[in-house]
Amino acid sequence: MRFFLAVLLVASIVSCGGPEPRRPMEVKSGSFFKESIERTKKLLAEEEKAIQEIISKDTAHKYLSNPNGFWYYYQTKNDTATYQLKSGDQILFSYNLMGLEGDTIYTAEEIGPQSHVIDKQQLFPGLQNAVKLLRINEKATFLFPSPLAFGYQGDNKSIGPKTPLKSSVELHTIIIDNDSLN
């Protein structure tokens with residue numbers, strides 16, 4: 001009987017070691033993110049190649065490249081305008097959206113004139129930077145790779161995921177923010 005009690009006592013002391021933490025079933029190495037980054041780089045390279053092909057075939061226009069990652073040319077240039085848009089300025093502009101081959105997705109009439117406060121309201125990333133390049137009464141056409149357009153989401157309507165866009169943007173009116181003048 002003493003032997004049985006001794007074994008029971010030893011077993012209860014050994015089993016009181018506290019709860020054992022659960023270990024993950026599998027260890028994540030971050031490979032999903034690395035693979036996603038590689039897919040994104042590959043997609044961007046393909047889109048930029050397609051844009052460069054469009055630019056090389058279009059001998060009628062002089063394309064400019066922007067450090068933000070898009071290309072554009074002026075349809076109407078206003079050499080007399082000197083004011084460059086600043087944060088807080090309110091603008092009225094119009095634009096359309098097309099696929100890279102020129103297939104219309106949304107016309108300027110469908111979208112309608114847009115009022116926008118520079119750096120205070122959201123537009124899709126490429127357009128956010130594109131409007132800042134324009135001066136009053138200027139019109140330019142921009143070529144945006146998909147990360148600067150609607151990205152992996154699309155617009156959940158007519159623009160699919162990972163769709164590069166072409167857009168003609170015209171700046172109609174500027175209301176200068178008095179704080180930006182100081």
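Which residues in α2 are buried? They are L43, E47, I51, I54 and I55, where buried means under 20% relative accessible area, exposed means over 50%, and partly exposed is in between (1.4 Å probe, protein chains only). Before going further, some ground rules.

## What you're looking at

This is a predicted model, in which local features need pLDDT of at least 70, side-chain atom pairs count only at pLDDT 80 or more, and totals for chains, interfaces and linings use all residues. Residues are numbered from 1 along each chain as its sequence is written, and side-chain values use heavy atoms, with hydrogens and water left out.

## The overall layout

The protein's secondary structure comes to five helices and eight strands. These are DSSP runs numbered from the N terminus: helices are H or I with at least four residues, and strands are E with at least two. Walk along from the N terminus and the order is α-α-β-β-β-β-β-α-β-α-β-β-α.

Of the 182 residues in the protein, 35% are buried. Now take the contacts (heavy atoms within 4.5 Å): among those with a separation of 6 or more, 67% are between residues 24 or more positions apart.

Helix α2 covers residues 31-57, which is 27 residues. From its first C-alpha to its last it reaches 39 Å, close to the 39 Å expected at 1.5 Å a residue; that expected span is 1.5 Å times one less than the number of residues. What do the buried residues of α2 pack against? Their partners are β2 (71-76) and β7 (139-144).

## Two nonpolar cores

In soluble globular proteins, nonpolar side chains tend to be buried together. A nonpolar core here is a set of buried Ala, Val, Leu, Ile, Met, Phe, Trp, Tyr and Cys residues joined through side-chain atoms within 4.5 Å. The largest one has 27 residues, and F93 and F142 touch the most other members. Two or more residues each come from β3 (90-95), β5 (104-106), α4 (125-130), β7 and β8 (165-175). The top giver is β8, with four residues. Apart from this core lies another, of eight residues, among them I54, I55, W71 and L100.

Leaving out residues up to four places away in sequence, F93 touches G112, P113, Q114, H116, L123, L127, V131, V169, E170, L171 and H172. One of those, L171, sits in strand β8 and is buried, with a relative accessible area of 1%.

## Rings meeting rings

The structure holds eleven aromatic pairs. Rings of Phe, Tyr and Trp (its six-membered ring) pair if their centres lie within 6.5 Å; planes under 30 degrees apart count as stacked, over 60 as edge-to-face, and the rest as tilted. Take F32 and F33: their ring centres are 5.6 Å apart and their planes are at 75 degrees, so this pair is edge-to-face. Both F32 and F33 are exposed.

Why does the pair of Y72 and F142 count as stacked? Because the planes of Y72 and F142 are at 25 degrees, with ring centres 5.3 Å apart. This pair links distant parts of the chain, with Y72 in strand β2 and F142 in strand β7, 70 residues apart. Both Y72 and F142 are buried. They also belong to one aromatic cluster with F70, Y74, F124, F144 and F150. As for Y74, K77 lies over its face, at 4.1 Å from the ring centre; a charge sits over a ring if NZ of Lys or CZ of Arg is within 6 Å of the ring centre and within 35 degrees of the ring normal.

Most residues other than glycine have a negative phi, and most peptide bonds are trans. N156 has a positive phi, near 65 degrees, and K162 has a positive one too, near 55 degrees. N156 is in the loop between β7 and β8, and K162 is found in the loop between β7 and β8 as well. N156 counts as exposed because its relative accessibility is 63%, whereas K162, at 42%, counts as partly exposed.
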